[in-house]
Amino acid sequence: LELAADAGAQGVRIWIQTEAGKRYRVETSETLDKPLWTTVGELLGDGYEQSIEDTAKGTSQRFYRIRVE
């Protein structure tokens, strides 16, 4: 899985190099100690780079994971 992320004033954007036909789910949690994962968005792979933006505010730290199905 090839990815990149950029944090800015508007939030965090995550770029994923997708594979055609695969589904990608980006999830976030504020802690890794008993995490509660929340879906930020989903992508259907087409073989090209795609991105999802997380515009959530009000937290000093967030963790991300990407599930591929």
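Predicted model: local features only at pLDDT ≥ 70, side-chain atom pairs only at ≥ 80, totals over all residues.
Trainee: In what order do the strands of the open sheet come?

Mentor: The order is β1-β2-β5, three strands with antiparallel pairing.

Trainee: Which strands stand at the edges?

Mentor: β1, residues 2-8, and β5, residues 49-54. Each has a single partner strand, so one side of each has no neighbour in the sheet. From one strand to the next, the twist averages 20°.

Trainee: How many bridges join β1 to β2?

Mentor: Seven, with β2 spanning residues 11-17 and running antiparallel to β1. One of the bridge pairs is G8 with G11, the latter in β2.

Trainee: What holds strands of a sheet together in general?

Mentor: Strands pair through backbone hydrogen bonds, either parallel or antiparallel.

Trainee: Switching to the surface. Which residues form the nonpolar patch?

Mentor: L1, L3 and V68, which together have about 290 Å² of accessible area. L3 belongs to strand β1.

Trainee: What is the relative accessible area of L3?

Mentor: It is 46%, so L3 counts as partly exposed. The cut-offs are under 20% for buried and over 50% for exposed.

Trainee: And E27, buried or exposed?

Mentor: Buried, because its relative accessibility is 5%, under the 20% cut-off. E27 sits in strand β3, residues 23-29.

Trainee: Which side chains make polar contacts with the side chain of E27?

Mentor: R65 is one of them, at 2.5 Å. R67 is another, at 3.4 Å.

Methods:
Residues numbered from 1 in each chain as written. Heavy atoms only, no water. Pairing = 2+ DSSP bridges. Helix = DSSP H or I, 4+ residues; strand = E, 2+ residues; numbered from the N terminus. Axes fitted to C-alpha atoms, helices over the stretch in contact; angles between N-to-C directions. Patch = residues over 30% accessible without salt bridge, like charges linked within 9 Å, V, L, I, M, F, W, Y side chains within 5 Å. Areas by Shrake-Rupley, 256 points an atom, 1.4 Å probe, with all protein chains shown as cover. Salt bridge = Lys/Arg side-chain N within 4 Å of Asp/Glu carboxyl O. Buried < 20%, exposed > 50% of the residue type's maximum accessible area, 1.4 Å probe, protein only. Polar contact = N/O pair within 3.5 Å; in protein donor to acceptor, adjacent residues only side chain to side chain.
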